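Thanks for coming, everyone. Let me put today's model up on the screen, and then I'll talk you through it.

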Amino acid sequence: MNFLTIGHRGVMGVEPENTLRSFVAAEHAGLDVIELDLHLSKDGALVVMHDARVDRTTDGTGPIVERTLDELRALDAGRGERIPVFDEVLDAVRLPLQAEIKDVAAARALAEVMHRRNLTARVEVSSFHDEAITEISRLVPGVRTALIASRYGTDVVDRAVEAGAATVCLNIRRLTLEIVEQARKADLKIIGWVVNTQDHLRLARALGLDGATTDYPEIKRTGRFTA
């Protein structure tokens, strides 16, 4: 079985998260997939950033939704990097992408890009929000989707099935064999996050997960040899 290593916001353990620099580094490190996050700017641009506010990852303050793309571009996202738009990431790297959306509005904006650039095979769409997954599935027939959960029980399997997701991305710290077995019965793939230690990597392999989301590219190299 091919064990996927997914770069969390690129390789955020060593480069500024959700920047072109981080995504290119993830590709050069040989990771299999790049995970990123999408928000809408005040003027409707699909920008790549995790938080709803710019405070933590840039030299600015305030909500993304209150800034235009030009205003967001003026911010330093770390080491001189600028906040990218989704199209720029698509052009900068060739790896498959896992794009996390926060709401239905982002789903609609992403759907437009996916149709325009024929991204169904390249981009998997993930979300903590069932309704966002349902909406992107409605707008982009055949899209691959993943339900993300941090605090969850076996109900996460039922939620994923109901939303039409093919994958569950689950907090490795709460993952149990029971949940893995339930997910397998429902024919779901399972990704563990965030896997940054050898102990968590061993757990992911022992549970037979399909892959791991990591902040560090070293997990790709060591993952091959971990039982």
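This is a predicted model: local features need pLDDT of at least 70, side-chain atom pairs count only at pLDDT 80 or more; totals for chains, interfaces and linings use all residues.

Residues are numbered from 1 along each chain as its sequence is written, and side-chain values use heavy atoms, with hydrogens and water left out.

So, the chain has nine helices and nine strands; those are DSSP runs, H or I of at least four residues for helices and E of at least two for strands, numbered from the N terminus. Its radius of gyration is 17 Å, close to the 17 Å from the globule rule for 227 residues, so the chain is as compact as a globular protein of that length. That radius is taken over C-alpha atoms, and the rule is 2.2 Å times the number of residues to the power 0.38. Along the principal axes, the C-alpha trace spans about 45 × 35 × 30 Å.

How much of the chain counts as buried? It's 53% of the 227 residues, with buried meaning under 20% relative accessible area, exposed over 50%, and partly exposed in between (1.4 Å probe, protein chains only).

Now helix H1, residues 20-28. Its buried residues are Ser22, Phe23 and Ala26. Looking down the axis of H1, they fall within an arc of 100°, so they line one face of the helix; the arc is that of the directions from the helix axis to the C-beta atoms. Just after H1, Gly30 has a positive phi of about 85°.

On to the single residues. Thr213 sits in strand S9, residues 211-214, and counts as buried at 4% relative accessibility. Leaving out residues up to four places away in sequence, Thr213 touches Ile6, His8, Ile191, Gly192, Trp193, Val194 and Val195.

Ala52 is in the loop between S3 and helix H2 (69-73). Ala52 is partly exposed, at 48% relative accessible area.

Definitions and conventions:
Contact means heavy atoms within 4.5 Å.
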